[in-house]
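The sequence and structure come first.

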Amino acid sequence: MAPRLCIISAAARRLLRKPGPCVGDLAAARAVRFYSKDSEGSWFRSLFVHKVDPRKDAHSTLLSKKETSNLYKIQFHNVKPECLDAYNSLTEAVLPKLHLDEDYPCSLVGNWNTWYGEQDQAVHLWRFSGGYPALMDCMNKLKTNKEYLEFRKERSKMLLSRRNQLLLEFSFWNEPQPRAGPNIYELRTYKLKPGTMIEWGNNWARAIKYRQENQEAVGGFFSQIGELYVVHHLWAYKDLQSREETRNAAWRKRGWDENVYYTVPLVRHMESRIMIPLKISPLQ
């Protein structure tokens, strides 16, 4: 049986022909527009949140960064297998323009294709500097952005399904910053039992120090809208062998096993994706 081909429309070809920003422009803009330094006090204060006492505040307030007002969006796009290359090309032609446009308070954090895990999948992580007002500002402006509307129309022809979540970042994790490659990335997703997010945060606030020696910790997030009680941990490794060695080294550190012991009972489901960055990804 002859292989199916992804038909590229004339509109999509027009989008691909429009000049886009180069990688150097992206790196410079990212460094200027979105840099913040995590505060040691944030994760230290989170150690004193009681695990079982009744709460009078949302876990989003107790666990998220106070120094920034960043909101994150993660997108999962399941692409028709025959369209993945065309999808990547179209994405790389359009999304960097939003990233660089000062009128849009959003930036690309990372863009990947899943290598191991769900196949023919693209994952995009966005940062909205300014929280929900910034998100709404972007949404309203995109409604009148003709190039973006054309891009969405062409993209829809290439997709089988898509879903997204709005996320906050844990106060004790690194804030994801652009990094040079080549790297592979692991997105570990944990679906927790409702009511256990504070306990999860307390344990990981103590445990994250065991996983930072090799600079593998990229970012940690928890869902606010979409599927709830979902945690995403993002890690970077040189290759799969480096991943294996780094993870094994953590088990030789006193205290890491205790973190695993206390957090495993909180998990209902977990998933690991190994991902390869797209050309436009700030995380290479």
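Trp115 is partly exposed, with a relative accessible area of 37% (buried means under 20%, exposed over 50%, partly exposed in between, with a 1.4 Å probe and protein chains only). The residue is found in strand S2 (residues 106-116); strands (E, at least two residues) and helices (H or I, at least four) are DSSP runs numbered from the N terminus.

Trp115, Tyr116, Leu240 and Ile276 make a nonpolar surface patch of about 360 Å². Patch residues have over 30% relative accessible area and no salt bridge, and nonpolar side chains are joined within 5 Å; a salt bridge is a side-chain nitrogen of Lys or Arg within 4 Å of a carboxyl oxygen of Asp or Glu. Areas come from the Shrake-Rupley method with a 1.4 Å probe.

## Basis of the model

The model is predicted: local features need pLDDT of at least 70, side-chain atom pairs count only at pLDDT 80 or more, and totals for chains, interfaces and linings use all residues. Residues are numbered from 1 along each chain as its sequence is written, and side-chain values use heavy atoms, without hydrogens and water.

## Helix H10

Trp256, Asn259 and Thr263 are buried in helix H10 (residues 256-263). These buried residues fall within an arc of 60° seen down the axis of H10, so they line one face of the helix; the arc is that of the directions from the helix axis to the C-beta atoms.

Conventions: Patch = residues over 30% accessible without salt bridge, like charges linked within 9 Å, V, L, I, M, F, W, Y side chains within 5 Å.
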